[in-house]
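Colleague: I would like to learn how to read a few features of a model. Please take them one by one.

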Amino acid sequence: MHELPITESILEIALRHARQANARRVTTIYLVIGQMATIIDDSVQFYWDIIAKDSIAEGAQLLFKRIPASIQCQVCSLRYSPNQDDFSCPDCGSSKIKVVSGDEFYLEAIDVE
Amino acid sequence: MTQRISIVENILNANDQIAAQNRILLNKHSVFSLNFMASPGAGKTSLVERTIQGLQDNIRLGVVDGDIATSLDADRAAAAGAIAVQINTGGQCHLDAVMLHNALISLKLDELDLLIVENVGNLVCPASFQLGTHKSILIASVPEGDDKPYKYPGIYRGVDALVINKIDLLPYVTFNMDYFRKGVEILNPGLVTFPLSCRTGEGLDHWLTWVREQVAGA
């Protein structure tokens, strides 16, 4: 449900940088989203088609790079992908863990003409 | 000719900047603030009422209530003795930093020591939007079930304290406290946790003591 404000933010960032570069058109937007970030690509695309209309980013392609979740055990240093319902270390069983990747949520780049 | 512009900007950067301004505003007026997050029906407003009742002799308390519609919660907070402001999000599933900012500037912050922000009942969206409050509190409740940390890891990972409300219902519902706590421990090791019942008052003292300490130490 919060994809609308997120999509508005994406548009705002893209337009701001496109204007700074004196671009006529934004053709592609590269988004980096961690697997643990709660966002649905299809919803963003749906809102995008509506809110980017009549802007220089109308019709721009949204590319989502999904970063898999990765966890590191703080006891035995094992790095692993979390299981659906158990994040603890599959090797030593410790729950002292740190999320190394999967939280990413940024706009990486845009292609402009 | 196509040109690539490297940006690398957090998508919620605009919200986060307003959140930082909110924090500065709160600090300027020496107001300590808590962001209450929970699913609908977990007991956010009941905990707000209990906290007001337990602290109002020494602490000047304000409440900002976020809901999609109605002022029912702000009315309850005001009836309990706090200065209360209602934000109606008009359908939006979470509070954001701008909404809180507008509420903050309508409050006489100099007359407050503690501000409780009651977020919209939702275990997903509020976790993504920083408000600028000092501590985030998650209120879980026994009837929701013991699998919630596993199903909503994002919100469990990002909070500073956990309240487990409605422990008076433990004899009547299936809730494995060990399984629940294991899920919490994995997501947020060492998280300070307050099992309590807003209905019976059991366990409330520990919570109120903690809030008092937080306000005093701020």
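Colleague: How many residues has helix α2 (residues 44-55) of chain B, and what span does it reach?

Modeller: Helices are DSSP runs (H or I, at least four residues) and strands likewise (E, at least two), numbered from the N terminus. The expected span is 1.5 Å times one less than the number of residues. Helix α2(B) has twelve residues and reaches 16 Å from first C-alpha to last, close to the 16 Å expected. This is a predicted model: local features need pLDDT of at least 70, side-chain atom pairs count only at pLDDT 80 or more, and totals for chains, interfaces and linings use all residues. Residues are numbered from 1 along each chain as its sequence is written, with chains lettered from A and ligands numbered from 1 in the order in which they are written.

Colleague: Which residues of α2(B) are buried?

Modeller: Buried means 20 or more other C-beta atoms within 10 Å of the residue's own, with C-beta atoms placed from the backbone. In α2(B) the buried residues include Lys44(B), Leu47(B), Val48(B) and Ile52(B).

Colleague: Which residues is Val163(B) in contact with?

Modeller: A contact needs C-beta atoms, placed from the backbone, within 7 Å. Leaving aside neighbours within four places in sequence, the partners of Val163(B) include Leu47(B), Phe194(B) and Trp207(B).

Colleague: How many residues does each chain give to the contact between chains A and B?

Modeller: Chain A gives 28 residues and chain B 26 residues. On the side of chain A, β6(A) gives the most, with eight residues.

Colleague: Which strand of chain B do bridges join to β6(A)?

Modeller: Strands pair if DSSP finds at least two bridges between them. Six bridges join β6(A) to β1 (residues 3-10) of chain B, and the two run antiparallel. Val112(A) stands opposite Gln3(B).

Conventions: Contact = placed C-beta atoms within 7 Å. Buried ≥ 20, exposed ≤ 12 C-beta atoms within 10 Å, placed from the backbone.
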